[in-house]
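Hi everyone, thanks for making time for this one.

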Amino acid sequence: MKSEGQKMKLFALKEILETETDADHGIDMKRILELLSMRGIKAERKSVYDDLRTFRDSDILDVTEPQGKNREYSVASRTFELSELKMMIDAIQASKFLSEAKTRELIRKLETLCSKHEAYSLQRHVVIANRVKSSSKSLFRNVDTLHAAMSNGVQVSYKYFNYGLDKSKIYRKGGERYCVSPWAMIYADDNYYLLAWDTWKFKHFRVDRMEDVQLTAFPREAKEEFEKIDMSAYTKYTFSMYGGNITPVTMVFENDMAGAVMDRFGSGIMTQKEDENHFRITVNVAVSGQFFGWVFGLGKKARIIAPESVKEQMKSELLGVGKNYD
């Protein structure tokens, strides 16, 4: 029983230090013994000193060694700094594919990684109300099933839908099930997408728009085709996850657009001087309406110069939009 009690004391002591203390808040030995007693654990000062030394020596906890008159102990450092937790919470709050309930659940879990004092600071940092959030309750279940399918090398089947004006579900293919080979999960444009092989080509599917996702007994297809894709560069040339023929496109930008270009294609993009006020790049792009929309968003500061076929498509897109305002 003594051994069992000692084990419980170690767990309880670790939990007390992690919850009650941080770099700005300490706890003295008297309070430690009180909190242990409240948990039904009797302990002597000497044994607690030994436990604290064990934590330090074994790198279980970075417990401070009190100096001078202030005999308080605290956890000086943790796996995540408070600023890192705040950044993770910002990302969770901004993720539209997470429901409000799931957002709050994840934030509560992150709060267990810091002291109660820091958790209070994080709570004040949280603003969820009125943010655009998904209403999907099955997204995490879908993600688990899709990862299981990829791990086991099998296809998945599901129904796929969009929303009508009355917010009702409109099923694609008349409600028939899709059966695809899942190869990668991609987070882009605030949404989760599945990259899957379907009917002789790769397509993207919004994970939160899938319903009743199930594993099948069919092996995945298109292994060789998937291995040809450079996934590290995939989202650079795919705009809003809309497919299109991958084409080398040359564009000219005004110099002050360098930041926007690097945001889109990465800081490693090769640039060439066009003249004193302009530079050019050549990049592989999935040519689609979303790509033309990105170029149009830069206004007169960007233009496509090659190939001629893509220039003509851009002109056609612009004329089509213009006709909407005739």
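Let's start with Asp212, which is partly exposed, with a relative accessible area of 41% (buried is under 20% relative accessible area, exposed is over 50% and partly exposed is in between, with a 1.4 Å probe and protein chains only). Before I go on, this is a predicted model, so to speak of local features we need pLDDT of at least 70, and side-chain atom pairs count only at pLDDT 80 or more, while totals for chains, interfaces and linings use all residues. Residues are numbered from 1 along each chain as its sequence is written, and side-chain values use heavy atoms, leaving out hydrogens and water.

Back to Asp212, then: you'll find it in strand E10, residues 210-219 (helices, H or I of at least four residues, and strands, E of at least two, are DSSP runs numbered from the N terminus). What is phi at Asp212? It's positive, about 55°, although Asp212 is not a glycine.

Asp59 is another one to look at, with phi near 60°, again a positive value in a residue other than glycine. Asp59 sits in the loop between helix H3 (45-57) and strand E2 (62-63). At 68% relative accessibility, Asp59 counts as exposed.

While we're on the backbone, have a look at Ala306 and Pro307. The peptide bond joining them is cis, with omega at about -5°. Pro307 belongs to the loop between E14 and H12, and that takes us to the sheet.

In what order do the four strands of this open sheet come? Reading across, they go E12-E13-E11-E14, with antiparallel pairing (two strands pair if DSSP finds at least two bridges between them). E12 (272-275) and E14 (302-306) stand at the edges with a single partner strand each, so one side of each has no neighbour in the sheet. From one strand to the next, the twist averages 40°.

Now the pairings. E11, residues 246-254, and E13, residues 278-286, pair antiparallel over nine bridges. Met251, for instance, has Ile281 in E13 as its bridge partner. E11 also runs antiparallel to E14, and four bridges join those two.

Zoom in on Met314, which lies in helix H12. Is Met314 buried or exposed? Buried, because its relative accessibility is 11%. Leaving aside residues up to four places away in sequence, Met314 touches Phe292, Val295, Phe296 and Ile304 (contact is heavy atoms within 4.5 Å). As for Phe291, it is 23 residues from Met314 in sequence and 9.4 Å away in space, C-alpha to C-alpha.

Next, a helix pair elsewhere in the chain. The axes of H4 (residues 82-94) and H5 (residues 100-111) come within 10 Å and cross at roughly 170°. That makes H4 roughly antiparallel to H5 (under 35 degrees is roughly parallel, over 145 roughly antiparallel, 65 to 115 roughly perpendicular and the rest oblique). On the H4 side, the contact is made by Leu85, Met88, Ile89, Ile92 and Gln93, and H5 brings Thr103, Leu106, Ile107 and Leu110.

Last, the cysteine question. Cys179, at 33% relative accessibility, counts as partly exposed.

And a quick stop at Ala188, found in strand E7, residues 178-188. Ala188 counts as buried at 11% relative accessibility. Between Ala188 and Asp24 there are 164 residues in sequence and 38 Å in space, C-alpha to C-alpha. That's my tour, thanks.

Technical notes
Axes are lines fitted to C-alpha atoms, for helices over the stretch in contact, and angles run from 0 to 180 degrees between N-to-C directions.
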